[in-house]
Amino acid sequence: MMDCLYGKCIPYITDCVLGELEKLGKKFRLALKIVKDPRFVRLTCMHKGTYADDCIVQRVTQVRIVC
């Protein structure tokens with residue numbers, strides 16, 4: 001990522017995204033291994049369920065309102 005963006009990057013991942021990758025199984029094993037890297041910052045979700053799309057949209061809209 002640093003090579004593509006020409007700067008320091010800190011990747012974030014929510015519990016929902018991680019949970020959804022685990023549910024998808026063998027096909028996404030490499031993606032799961034990548035996101036479990038300790039350099040990724042884990043964001044804890046406060047809602048029920050593991051719908052990653054809804055979680056990401058909710059987080060983005062919260063940040064847009066604050067800015």
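Start with the cysteines: how many disulfides does the structure hold? In this predicted model, the count is zero. To see why, select Cys55 and Cys45 and show their side chains. The closest cysteine sulfur to that of Cys55 belongs to Cys45, and the gap is 3.5 Å. A disulfide needs the two sulfur atoms within 2.5 Å, so this pair is too far apart for a bond.

Is Cys55 buried or exposed? Its relative accessibility is 2%, so Cys55 counts as buried.

Next, select residues 12–14, which make up strand 1, and pick out Thr14 there. Thr14 is buried too: its relative accessible area is 5%. Which residues does Thr14 touch, once its neighbours within four places in sequence are set aside? Show Leu43, Cys45, Cys55 and Arg59 to find these contacts. Both cysteines from your first stop, Cys45 and Cys55, are in that list.

A polar atom in the side chain of Thr14 lies 3.2 Å from the backbone nitrogen of Val17.

Finally, zoom out and colour the chain by secondary structure. The chain has 67 residues, and 18% of them count as buried; Thr14 and Cys55 are buried residues you have already visited. Among contacts between residues at least 6 apart in sequence, 60% link residues at least 24 apart.

Notes. Residues numbered from 1 in each chain as written. Predicted model: local features only at pLDDT ≥ 70, side-chain atom pairs only at ≥ 80, totals over all residues. Heavy atoms only, no water. Buried < 20%, exposed > 50% of the residue type's maximum accessible area, 1.4 Å probe, protein only. Contact = heavy atoms within 4.5 Å. Helix = DSSP H or I, 4+ residues; strand = E, 2+ residues; numbered from the N terminus. Polar contact = N/O pair within 3.5 Å; in protein donor to acceptor, adjacent residues only side chain to side chain.
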